[in-house]
Amino acid sequence: MTTSEPDALWPLSGATEPGPPTAVPSVVGVADLRATNAAAVLAVVRSADPHPRLSELVGETSLSRPTVEAIVEELVARGLIDVTSAPSARGQRSPGRPARRFRFQPQAGFVVGVDVRPRSVTACLADLDGEPVAVERREVRADVPGPARARVVTSAIQATLDRADVHVSRVWAAALGTPGLVDRNNTRVRQADNLHTWTEVDIAGVLRDLLGCPVAVENDANLAALGEQWRGVGATAEGTSDRTAPGPATGEMVFVLLGERLGSGVITGGRLLRGHHGAAGEIGFIRFSGGGPAERPGLDPLPAGTIRDAAAADPDAVATVEAYGRRLAEGLAPVLLALDPALVVLGTGVFPDPGLLPAAKTLLTAAQHHADGLVVDPPRWHLSALGDDAVLTGAVRFALSSVEVVLRTRPTSLNSPGFASGRR
């Protein structure tokens, strides 16, 4: 089995990347300068609205026209951008050749995100804009051993590639979300009590053998937090509940993942907080008051029947859900005092059907009201906007972060004739 070694930067991992300790200025070679210029041109193409003309690329980058022309030709050859004709003014045809505009091609490459749970595996193939192209979900037994679970993961990924008719060489990065503790380098699952022999599998190595690209492994709650920050309630304007409102992503957020095991992902300073050992946010190890043996940490999940009855306004079930929310708030209060987040998001994976939303709101309201009296500055509370897709969305975002590093620094190394062959 392959030993996985970090071979990519994962900017969302929370790890810092110290520069080399040297007093000697680095020398920029011709190839490095060409790559930097290509990255500058591509950045303008991706951000401009409408699609820019050649003259606009020259103006925005301050590069010479011949330099920009050469870079554009190379980016087109790599499939990273394509050419479209600019519409004529007022719908009239202009004499001569129409001006060309350049647009980014998000399907020049792809990333893979995977959500591993005790009873399911879901894989998503997404383009470079993070838009899903194919999704495959597989059910598994909770007690399936690690190697068999890994085979389900690879099978699900292959199914997305087959469905989208995408060759494996066009996958540029992958990220897998899993319950349990993950090492600081995002390469190994070091503890996963509810996944049988999962820690014995080098799943990053397995996926690297399949895909031939950088692979990261991350805790599921951490990825859910990243997904919610990217495309959920954490991406909205501060102080609003309008998910379409423009505004910067929430930089201080706690995502509480409710499931078979309780967990959380923490965003602070706009980045994922992982801690010295990668175990930050493991609230499932908190000893909650008010139920269960004293030696057993965490909160057992609410029974599905109780959730259904609470959604139907059964008084006893509503009272049970409210009590659960208060216990959750008491356990979270020290975390909220220590972190002072702007937003707390409750994952809604245990409320999969729209008809169960009243029970989710009951839990949220009870937890928020109780927590407000236990902290100095109460944060906003919201249910997840992504629901059951939070982990998968975060996995796609995590994988994209690695590709973005290359797009911002040396984009012409991607999709080159030697890129795919050199990875396998």
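What is the volume of the largest cavity? The answer is about 60 Å³. The legends below describe this cavity and other close-up views of a predicted model.

**Figure 1. The largest cavity and its lining residues.** Two cavities of 30 Å³ or more are counted in the predicted model. The largest of them has a volume of about 60 Å³. Its lining is formed by Leu258, Gly259, Pro301, Leu302, Ile307, Tyr324, Val350, Phe351 and Leu363.

**Figure 2. The buried residues of helix H7.** Helix H7 comprises residues 304-311, and among these Thr306, Ile307, Ala310 and Ala311 are buried. These four residues lie on the same side of H7, because they cover an arc of only 135 degrees around the axis. An α-helix has 3.6 residues a turn, so residues three or four places apart point the same way. The cover over the buried residues of H7 includes helix H8 (315-339) and helix H9 (357-372). One of the buried residues, Ile307, also lines the largest cavity. After H7 comes Ala313, which has a positive phi, near 70 degrees.

**Figure 3. An aromatic pair formed by Trp10 and Phe398.** The count of aromatic pairs comes to one. A pair of aromatic rings is described by the distance of the centres and the angle of the planes. For Trp10 and Phe398, the distance is 5.6 Å centre to centre and the angle between the planes is 20 degrees, and the pair is stacked. Trp10 belongs to the segment before helix H1 (30-47), whereas Phe398 belongs to helix H10 (residues 390-409); the pair therefore links distant parts of the chain, 388 residues apart. Trp10 counts as buried because its relative accessibility is 8%, under the cut-off of 20%. Phe398 is likewise buried, with a relative accessible area of 0%.

**Figure 4. Charged ends of arginine over phenylalanine rings.** The charged end of Arg46 is placed over the ring of Phe104, at 4.3 Å from the ring centre. Arg261 has its charged end over the ring of Phe285, 5.9 Å from the centre of that ring.

**Figure 5. The largest pocket and the elements that line it.** The largest pocket holds about 870 Å³ of space. Its lining consists of 46 residues, and those nearest its centre are Arg117, Leu258, Gly259, Glu260 and Arg261. At least two lining residues each are supplied by strand E3 (110-117), strand E5 (132-139), helix H6 (220-231), strand E10 (253-257), strand E11 (263-268), H7 and H10. Leu258 and Gly259 also line the largest cavity.

Key:
Residues numbered from 1 in each chain as written. Predicted model: local features only at pLDDT ≥ 70, side-chain atom pairs only at ≥ 80, totals over all residues. Heavy atoms only, no water. Buried < 20%, exposed > 50% of the residue type's maximum accessible area, 1.4 Å probe, protein only. Arc of directions from axis to C-beta. Contact = heavy atoms within 4.5 Å. Phe/Tyr/Trp six-rings, centres within 6.5 Å; stacked < 30°, edge-to-face > 60°. Lys NZ or Arg CZ within 6 Å of the ring centre and 35° of its normal. 1 Å grid on protein atoms, 1.4 Å probe; cavity = no way out; pocket = protein on both sides within 12 Å on 5 of 7 lines; lining within 4 Å. Points joined across faces, edges and corners; volume = space filled by probe spheres on them.
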